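Let's take a friendly walk through a protein structure, looking at its nonpolar cores and its charged pairs. Have a look at the sequence and the model before reading on.

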Amino acid sequence: MSAAALVARLADPSFRQVGGAAEFGALADSAPPAPCAFVLHLGDDSATKEPFTSGTQLVARMYGVILCVRNVRDAAGAAAAADLVAFRKLLFDRLVGWEPFDGAEPLHFARGRLLKFEAGVQWWQDDFLTSFYSSRPEAWT
């Protein structure tokens with residue numbers, strides 16, 4: 001149920017690197033091998049608002065995919081933004097409607113936002129949501 005299944009799903013020759021949180025963290029102060037994508041497990045929330053009495057509960061899980069594109073053709077970022085469109089399409093084609101693990105609802109798009117733009121390098125994050133029923137928190141990882 002970890003982000004590893006999403007990393008494997010996104011493996012594509014279009015990306016120079018696809019990784020998880022560890023790989024993303026390693027790039028914090030270095031030039032990224034753009035274009036690249038990093039999958040992060042952003043957290044789990046109780047999707048059940050009523051009292052927990054049945055022994056199982058609905059859990060909502062959010063994954064974030066951080067995309068990095070580089071295009072230095074213009075300082076304003078229009079070229080990098082145009083490149084980003086193609087990578088977001090690939091991301092959506094691979095993830096939206098896909099079940100990341102047994103018992104999970106298909107992923108759906110939750111939100112997207114610019115994280116950073118600097119020197120022709122654009123960092124963008126798209127978040128995807130799934131839900132599943134579970135009675136054991138240890139099974140959520």
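A residue is called buried when its relative accessible area is under 20%, exposed when that area is over 50%, and partly exposed in between, using a 1.4 Å probe and protein chains only. This is a predicted model, in which local features need pLDDT of at least 70 and side-chain atom pairs count only at pLDDT 80 or more, while totals for chains, interfaces and linings use all residues. Residues are numbered from 1 along each chain as its sequence is written, and side-chain values use heavy atoms, with hydrogens and water left out.

**The nonpolar cores**

In soluble globular proteins, nonpolar side chains tend to be buried together. A nonpolar core here is a set of buried Ala, Val, Leu, Ile, Met, Phe, Trp, Tyr and Cys residues joined through side-chain atoms within 4.5 Å. The largest one has 25 residues, and Val39, Val65, Leu67 and Leu95 have the most contacts inside it. Two or more residues each come from helix 1 (4-10), strand 2 (36-46), strand 3 (57-70), helix 3 (78-95) and strand 5 (121-134); helices (H or I, at least four residues) and strands (E, at least two) are DSSP runs, numbered from the N terminus. Helix 3 gives the largest share of this core, 6 residues. Apart from this core lies another of 9 residues, including Leu27, Cys36, Phe38 and Val121.

Which residues does leucine 95 touch, leaving aside its neighbours within four places in sequence? They are Leu6, Arg9, Leu10, Val65, Leu107 and Phe128, where contact means heavy atoms within 4.5 Å.

**The salt bridges**

Side chains of opposite charge can pair when their charged atoms come close. A salt bridge is a side-chain nitrogen of Lys or Arg within 4 Å of a carboxyl oxygen of Asp or Glu. The structure holds 7 salt bridges, and the table shows some of them.

| Salt bridge | Closest N and O atoms |
|---|---|
| Aspartate 12 and arginine 94 | 2.7 Å |
| Arginine 88 and aspartate 126 | 2.7 Å |

Aspartate 12, in the loop between helix 1 and strand 1 (17-19), and arginine 94, in helix 3, are 82 residues apart. Aspartate 12 is buried at 16% relative accessible area, whereas arginine 94 is partly exposed at 25%.

Arginine 88 in helix 3 and aspartate 126 in strand 5 are 38 residues apart. Arginine 88 is partly exposed at 22%, and aspartate 126 is buried at 0%. Lysine 116 is partly exposed, at 42%. Finally, a network of salt bridges links Arg111, Arg113 and Asp127.
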